[in-house]
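Keep the picture open beside you as you read.

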Amino acid sequence: MSGALPRIGVAGIHGHGATHVAAARGLEASGRARLAAVADHRPPEADLGDVAVFTDATDMIARADLDVVVLSTPMHTHLPLARAALEAGAHVLLEKPPTPTRADFHALVGASERTGRAVQVGFQSLGSQAVPFVRGLLADGAIGEFTGFGALGTWLRTESYWTRAPWAGRRVLDGSSVVDGAVTNPLAHATATALAVAGATAEDAVSGLRLDLHRANAIEADDTSSFVAGLPGGRTLAGALVLTAPRRSEPCVIVHGSAGRIVLWYTLDLVQVSTPGSNLAWTTSHARTNLLANLVEHAVAGEALLAPLAATGAFMRVLEAVRTADEPRRIDPSYVTRAASPDGDHLVVADVEAWSERVVTEGRTFAELGAPWAVGP
Ligand SMILES: NC(=O)c1ccc[n+]([C@@H]2O[C@H](COP(=O)([O-])OP(=O)(O)OC[C@H]3O[C@@H](n4cnc5c(N)ncnc54)[C@H](O)[C@@H]3O)[C@@H](O)[C@H]2O)c1
């Protein structure tokens with residue numbers, strides 16, 4: 001890179017992409033980079049001054065002479081756009097999940113190696129200092145021998161959420177995989193963060209995956225899911241990832257130990273440590289580095305990436321298993337109720353919060369635990 005400020009281009013500026021535009025503006029304000037271009041099929045709502053505006057990411061990548069490209073577009077566009085950006089010489093911040101298939105993931109890892117350009121994946125919780133802090137606690141024996149991990153997310157999604165975009169809730173769109181279910185998309189951060197805390201990020205770190213995928217909504221993908229994965233050292237990761245809860249609770253990663261438990265509230269950067277004999281958890285709050293800022297520092301000064309593509313291999317293994325699994329089982333409507341929220345109606349599965357808590361504390365799936373809506377008649 002020359003001495004000039006790194007030039008950032010953001011593709012997909014509505015939806016989640018708005019946060020990347022704001023982050024690029026923040027870097028501009030602190031004199032570390034410049035927002036040079038944006039691209040979206042829908043024009044920007046605000047006047048962006050001298051920022052070049054494109055209607056398609058491909059055009060922006062080809063014409064805007066960028067050092068860093070942010071891709072916050074739907075998942076099925078990730079591989080072609082990321083590859084084009086790498087081949088144009090840019091580093092890429094690619095929104096999660098990185099790609100819809102493991103084969104695409106391998107192709108992207110290859111493109112990154114071939115071009116010598118980095119791909120950072122938008123798992124923003126991996127920018128939190130809470131993750132290395134928990135790893136340090138485990139290494140120091142703060143909860144004794146750690147035996148297992150949990151990834152817990154119980155959220156609600158309105159019925160209109162599933163109709164907001166053609167790819168929403170689909171497993172396949174126009175012949176391409178999109179895998180837009182609870183495990184792989186809205187609550188993907190829970191699994192990715194748990195794997196990072198466990199130090200199990202490489203592709204071969206996950207084995208013997210038992211998936212238990214269900215759906216209450218009229219969608220193809222899963223909205224009420226659990227899984228148990230084998231990790232190195234005989235440990236397990238149990239996930240309960242649900243979009244059919246009566247409320248949105250903060251999601252967390254749990255580590256079970258022989259002498260206590262750690263809970264990482266990964267959206268809040270909070271860590272709670274509970275040990276036998278104390279009634280209240282010891283709680284600490286941690287700083288977080290923005291992933292775009294980290295990628296810019298990588299481009300300028302070779303700083304290590306916080307969420308590099310290669311470290312999402314284990315997550316991609318889970319995604320691939322979900323992609324190639326049988327269709328999620330439809331939950332019998334007698335276990336589903338409709339509830340109102342300020343954003344619209346949403347479906348609630350009977351006792352799903354309690355069953356989810358059991359998944360992550362007992363290390364068994366909904367069906368293995370005998371949740372009536374998971375085992376069928
Ligand atoms: N990290 C997070 O917390 C987080 C949160 C939400 C979404 N996401 C991810 O961000 C990505 C986008 O999700 P979203 O919910 O914002 O989707 P969205 O459909 O709301 O927005 C995507 C935007 O991309 C634009 N777009 C699509 N193809 C384009 C192209 N070829 N060129 C330029 N613009 C294009 C669309 O017009 C739209 O404005 C997905 O990968 C999603 O999983 C991440």
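This is a predicted model: local features need pLDDT of at least 70, side-chain atom pairs count only at pLDDT 80 or more; totals for chains, interfaces and linings use all residues.

Which residues of helix 1 and helix 7 meet? From helix 1 come H20, A23, A24 and L27, and from helix 7 come L292, A293 and V296. Sorted by class, this contact of helix 1 with helix 7 has six nonpolar residues, one polar residue and no charged residues.

**Now for the charged side chains**

Here is an idea to carry with you: side chains of opposite charge can pair when their charged atoms come close.

Begin with R32, which forms a salt bridge with E297; their closest N and O atoms are 3.9 Å apart. This pair links distant parts of the chain, with R32 in the loop between helix 1 (17-29) and strand 2 (34-39), and E297 in helix 7 (residues 291-301), 265 residues apart. R32 counts as partly exposed because its relative accessibility is 35%. E297 is partly exposed too, at a relative accessible area of 23%.

Next, look for R288 and D269, a salt bridge whose closest N and O atoms are 3.0 Å apart. R288 sits in the loop between strand 16 (282-285) and helix 7, while D269 sits in the loop between strand 14 (260-265) and strand 15 (270-274), so the pair ties together parts that are 19 residues apart in sequence. Are these two partners buried or partly exposed? R288 is partly exposed, at 32% relative accessibility, whereas D269 is buried, with a relative accessible area of 11%.

E320 forms a salt bridge with R323, and the closest N and O atoms are 3.0 Å apart. Because E320 and R323 are three residues apart in helix 8 (residues 313-324), about one helical turn separates them. E320 has a relative accessible area of 16% and is buried, while R323 counts as partly exposed at 27% relative accessibility.

Finally, salt bridges can also join up: E159, R338 and D345 are linked in a network.

Key:
Residues are numbered from 1 along each chain as its sequence is written. Side-chain values use heavy atoms; hydrogens and water are left out. A salt bridge is a side-chain nitrogen of Lys or Arg within 4 Å of a carboxyl oxygen of Asp or Glu. Helices (H or I, at least four residues) and strands (E, at least two) are DSSP runs, numbered from the N terminus. Buried means under 20% relative accessible area, exposed over 50%, partly exposed in between (1.4 Å probe, protein chains only). Contact means heavy atoms within 4.5 Å. Ala, Val, Leu, Ile, Met, Phe, Trp, Tyr, Cys and Pro count as nonpolar, Asp, Glu, Lys and Arg as charged, and the others, Gly among them, as polar.
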